[in-house]
Amino acid sequence: MTSWVVQVLGGEPMLIKNGTVVNANGQKLADVRIAGELISEVAPLLEPHEGEEVIDAQGMYVMPGGVDAHTHMDLQVGARRASDSFLTGTIAAACGGTTTIIDHMGFDAPGSSLLHQAEVYHGLADGNAVIDYGFHGIVREVNEARLSELPRLIEAGITSLKFYLTYDGRLDDEAILALLQHTGELDMLACVHCENNGIISYLKQKYLAEGKTAARYHALSRPELCEAEAVERMLKLAHVAGDAPLYIVHLSSAEGLAAAEPLPAHVYLETCPQYLTLDASCYDLPNHEGLKYVMSPPLRDASSREALWKALAEGTIEVVGTDHCPFFFTEKLAAGADDFTKCPNGMPGVELRLALMYSEGVVKRGMSPTTLVRICATTPAKRFGVYPRKGVIAVGSDADIVLFDPQRKLVVSQTLLHERVDYTPYEGRELQGYPHMTISRGKVIMLDGAFLGSKGEGRFLKRSLPDWT
Ligand code: URP
Ligand code: ZN
């Protein structure tokens with residue numbers, strides 16, 4: 001990529017010329033006019049208006065800003081806190097071409113109203129996030145009081161929620177059935193973390209008793225069948241609950257995938273770049289570096305990775321989110337060097353999602369740019385109720401746009417990234433294709449890796465009910 005005409009970058013009327021506009025349903029040479037916060041025209045050969053700033057996007061893909069439906073900013077887990085806040089984490093997201101996040105809130109104290117954690121999260125995100133954001137609800141107990149709050153959650157713009165099959169806040173089958181019956185009746189989308197808690201706690205205790213404390217045993221204590229059992233059970237429970245809509249987060253394994261197939265029409269699958277681009281050999285890195293990759297579910301063998309790519313290509317898996325949940329390596333090391341069960345779970349990833357998916361999907365595996373847009377922007381926007389405001393380059397949509405340079409080559413280094421953490425799992429990886437410019441509601445907030453936005457410019461998205469198309 002050579003010459004660039006980028007004049008003024010700040011919320012002015014703007015015309016993006018000469019780029020290839022990529023949407024989920026196709027790509028074409030077209031110009032994009034932005035008026036205020038919205039896209040006002042998409043057509044070939046538009047003439048600049050008086051006073052309009054012109055951005056030359058020759059050779060670039062002009063894509064809808066990424067929608068990352070799985071982040072954990074400011075996550076508090078016991079005494080530990082994920083290192084990215086809504087401010088730092090959304091700066092990193094913006095620099096990677098993501099203009100919307102939908103964050104999974106952490107567990108609230110038992111007995112709390114579902115609305116309470118939303119209030120807490122507004123306190124964390126409002127005035128801090130630099131891109132638009134929403135929250136998924138979190139459910140750790142099911143009773144009349146909690147169920148009766150679901151309509152209020154929807155009114156508050158929180159039209160999806162999450163529950164877990166593992167961790168202390170997990171739900172049992174009876175609770176899940178009652179919850180799914182209600183979410184189904186309300187047309188909400190219930191997200192679930194699928195791992196069998198009994199298998200994990202049994203294997204963790206067994207390995208510790210045998211003195212097997214290294215990072216590798218984190219993966220071995222959460223084998224593929226642990227995900228597969230949970231996926232299979234969830235599909236059955238969702239069916240019993242009237243085919244309630246169900247979204248399985250961070251599907252990681254070939255066995256988990258097989259358990260979901262044939263995929264029922266009311267079940268939706270998400271995976272993450274780490275399961276598509278890394279594998280379990282990372283746990284054997286020397287000097288305890290395997291702890292960098294301790295997250296749940298864990299990385300799998302390379303054969304699983306290719307099964308997930310195939311499912312993405314076939315459309316069985318329809319969303320790629322990041323599960324961004326960073327902890328400093330120094331913290332993981334201090335806690336987990338002698339006992340993998342004490343290592344905080346989670347990895348950074350919000351900044352490299354589009355670039356990794358382009359390099360590994362489009363360049364290496366022949367995925368189309370339209371598929372990339374579908375899985376990283378359009379479908380998450382639909383499922384989580386922000387489409388067509390987000391996730392598409394169309395007249396009337398928010399002017400959330402990424403100019404993506406398909407020729408840009410880059411070797412990943414933590415020092416180039418904006419995530420607030422002391423490592424990247426992708427250090428040294430060679431990428432082809434990288435976001436050049438990010439525009440959020442008509443304002444350029446990233447150019448060539450430099451963040452140009454401002455604290456607090458992101459707005460809370462009061463989300464609609466899902467679009468199932
Ligand atoms: O290890 C992970 N994924 N940490 C984030 C919380 C969760 O389980 O999604
Ligand atoms: Zn997560």
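1. Two strands count as paired here if DSSP finds at least two bridges between them; strands (E, at least two residues) and helices (H or I, at least four) are DSSP runs numbered from the N terminus. This is a predicted model, so note that local features need pLDDT of at least 70 and side-chain atom pairs pLDDT 80 or more, while totals for chains, interfaces and linings use all residues. Residues are numbered from 1 along each chain as its sequence is written, chains are lettered from A and ligands numbered from 1 in the order written, and side-chain values use heavy atoms, without hydrogens or water.

2. Have a look at strand E17 (residues 430–440). Strand E16 (residues 401–411) runs antiparallel to E17, joined by eight bridges, and Val-411 has Glu-430 of E17 as its bridge partner. E17 also runs antiparallel to strand E18 (residues 443–447), over four bridges, with Ile-439 opposite Val-444. Two residues separate E17 and E18 in their hairpin, where Arg-441 takes a positive phi near 45 degrees. Nine of the 11 residues of E17 are buried, so the rest of the structure largely encloses this strand (buried: under 20% relative accessible area, 1.4 Å probe, protein chains only).

3. Next, the parallel sheet. It is open, with eight strands in the order E6-E9-E10-E11-E12-E13-E14-E15. E6 (66–71) and E15 (319–320) are the edges; each has a single partner strand, so one side of each lacks a neighbour in the sheet. E14 (residues 267–271) pairs with E15 over two bridges, and Thr-271 sits opposite Val-320. Helix H14 (residues 369–383) packs on this sheet, touching E6, E12 (189–193), E14 and E15 (contact: heavy atoms within 4.5 Å).

4. Which residues supply the protein donors of the zinc ion (ligand 2)? They are His-70 (NE2), His-72 (NE2) and Asp-323 (OD), 2.0 to 2.1 Å from the zinc ion (donors: N, O and S atoms within 2.8 Å of the metal, 3.2 Å for Na, K and Ca). Their spacing in sequence is H-x1-H-x250-D. His-72 is in the loop between E6 and E7 (76–77) and Asp-323 in the loop between E15 and helix H12 (329–336), so the pair ties together parts 251 residues apart in sequence. Both His-72 and Asp-323 are buried.

Technical notes:
Buried < 20%, exposed > 50% of the residue type's maximum accessible area, 1.4 Å probe, protein only. Axes fitted to C-alpha atoms, helices over the stretch in contact; angles between N-to-C directions.
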